[in-house]
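Trainee: I would like to learn how to read a structure feature by feature. Could we take one together?

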Amino acid sequence: MRSKTSTCRVHRTLLLALSALASCAGALPTAPLPTRPLVLSTWPFGQTANDLALAVLQKGGSRLDAVETGIREIERLSSDGSVGLGGRPNAAGYPQLDACIMDGPQHRAGSVAGVEGIVHPITAARRVMEATKHVMLVGEGARWFALEQGVEAVDTKDLAAKKDAWVARARDPKVDRAGHDTIALLVLDADGHIAGGCSTSGAGGKLPGRVGDSPILGAGLYVDDEVGAAGATGIGENVMRYCATFLIVERMRQGLTPQQACEEVVHRIARVDPKGYALDICFIALDKQGRYGAAASNQMFPYAIATSAGSEVQKVAAVTAR
Ligand code: SD4
């Protein structure tokens with residue numbers, strides 16, 4: 001794995017250098033680079049999602065199918081207790097889920113927030129984008145729409161049972177109500193177009209009705225087909241107050257690399273926020289050239305990357321105050 005990984009890095013570096021030379025000299029044809037397709041996502045569980053998403057692309061599937069397929073698997077697994085119906089419950093003991101999806105060409109998007117009993121909120125978000133003239137549906141309306149569209153759901157009576165069991169368990173002081181994680185997944189397809197998605201049960205123990213950054217375009221996810229895309233994970237309140245992923249994409253538009261843009265936005269938020277760097281925010285980003293990066297405020301942040309050259313989890317150290 002190690003040698004495959006370093007070979008993959010060397011390849012990538014060479015290819016990026018070649019492509020930079022080619023675009024300066026205007027000499028080589030703009031054939032798709034082997035850095036495309038590329039899939040980037042948050043946390044180690046992202047590797048599972050990336051591999052499925054990449055397989056969809058390699059079989060000729062669309063970037064939206066890739067995003068949806070990858071994220072659905074993490075929602076299905078709910079394995080870390082923070083995405084999907086197995087995710088961390090709210091303060092009343094049941095999960096309320098948030099998700100969004102965005103497609104670069106035509107700047108289309110769909111989102112659901114605070115939805116209950118929907119097994120795949122990413123699919124509901126995609127249906128909002130493709131089957132309505134709206135962008136975002138919340139709560140009861142989002143559930144009603146998802147059911148009407150045939151998106152897999154559980155009876156809310158099951159949620160009530162889950163709630164009773166959880167409230168009983170929560171009396172145990174050893175049970176951790178807090179904690180959170182999100183899958184944000186970005187795809188650069190073979191044609192150089194970008195799409196992304198995001199799904200979470202949000203912050204554990206949140207007030208019922210609380211909506212975090214994940215379903216908010218420009219906060220938990222932003223895609224701009226001219227430039228690149230960014231996704232977020234961490235404490236949503238510290239992301240959404242700064243339109244952080246929109247900001248990252250705009251900094252890339254101004255010439256920063258994805259890595260520089262992610263770091264710059266952590267610094268910018270930390271500079272003005274009373275919490276300083278103790279923000280618990282993490283970002284991933286990629287650009288049209290197939291470059292990618294990540295940054296986190298106050299923790300080591302693992303994220304997953306997959307191309308045809310290999311699939312791996314990389315780690316980035318916390319950004320340090322400057
Ligand atoms: C939220 N950003 O609802 C999500 C939670 C998360 O890592 O990503 N945690 O605030």
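Mentor: Start with a hairpin: S11 and S12 form one, with 2 residues between them. The model is predicted, so local features need pLDDT of at least 70 and side-chain atom pairs count only at pLDDT 80 or more, while totals for chains, interfaces and linings use all residues. Residues are numbered from 1 along each chain as its sequence is written.

Trainee: How many bridges join S11 to strand S12?

Mentor: There are 7 bridges between S11 and strand S12 (residues 310-316), and the two run antiparallel. Thr-307 stands opposite Gly-310 in S12. S11 also pairs with strand S1 (residues 38-42), in the antiparallel sense over 5 bridges. There, Leu-40 has Ile-305 of S11 as its bridge partner.

Trainee: Is strand S11 buried or exposed?

Mentor: The terms have cut-offs: a residue is buried if 20 or more other C-beta atoms lie within 10 Å of its own, exposed if 12 or fewer, and partly exposed in between, with C-beta atoms placed from the backbone. In strand S11 (residues 301-307), 6 of the 7 residues are buried, so the strand is largely enclosed by the rest of the structure.

Trainee: Next, sheets. In what order do the strands of the open sheet stand?

Mentor: The order is S7-S8-S9-S10, 4 strands with antiparallel pairing. Strand S7 (221-224) and S10 are at the edges; each has a single partner strand, so one side of each is left without a neighbour in the sheet. From one strand to the next the twist averages 10°. For such angles, axes are lines fitted to C-alpha atoms, for helices over the stretch in contact, and angles run from 0 to 180 degrees between N-to-C directions.

Trainee: Which helix lies across S8, S9 and S10?

Mentor: That is helix H9 (residues 258-272), running at about 150° to S9.

Trainee: Can we look at one residue of S10? What does Tyr-292 touch?

Mentor: Contact means that the C-beta atoms of two residues, placed from the backbone, lie within 7 Å. Leaving aside residues up to four places away in sequence, Tyr-292 touches Leu-38, Leu-40, Pro-258, Ala-285, Leu-286 and Ile-305. Tyr-292 lies in strand S10 (residues 292-296). Tyr-292 and Pro-258 are 34 residues apart along the chain, yet their C-alpha atoms are separated by 5.3 Å. Tyr-292 is buried because 26 other C-beta atoms are within 10 Å.

Trainee: How do I read the sides of a helix?

Mentor: An α-helix has 3.6 residues a turn, so residues three or four places apart point the same way. In helix H5 (residues 139-148), the buried residues include Ala-142, Arg-143, Phe-145 and Ala-146. They cover an arc of only 165° around the axis, which puts them on the same side of H5; the arc is that of the directions from the helix axis to the C-beta atoms. The face turned away from that side carries the exposed residues Glu-140, Trp-144 and Glu-148.

Trainee: What do the buried residues of H5 pack against?

Mentor: They pack against strand S3 (108-115), helix H4 (121-131) and strand S4 (136-138).

Trainee: And how is a pair of helices described?

Mentor: Two packed helices are described by the angle between their axes and the distance between the axes. The axes of helix H3 (residues 63-77) and H4 come within 8 Å and cross at roughly 150°. H3 and H4 are therefore roughly antiparallel to each other. Angles under 35 degrees count as roughly parallel, over 145 as roughly antiparallel, 65 to 115 as roughly perpendicular and the rest as oblique.

Trainee: Where does a positive phi occur in a residue other than glycine?

Mentor: One case is Gln-106, with phi near 70°. Gln-106 is in the loop between strand S2 (97-103) and S3, and counts as exposed because 7 C-beta neighbours are inside 10 Å. Trp-43 also has a positive phi, about 65°. Trp-43 sits in the loop between S1 and helix H2 (46-58), and counts as buried, with 23 C-beta neighbours inside 10 Å.

Terms used. Pairing = 2+ DSSP bridges.
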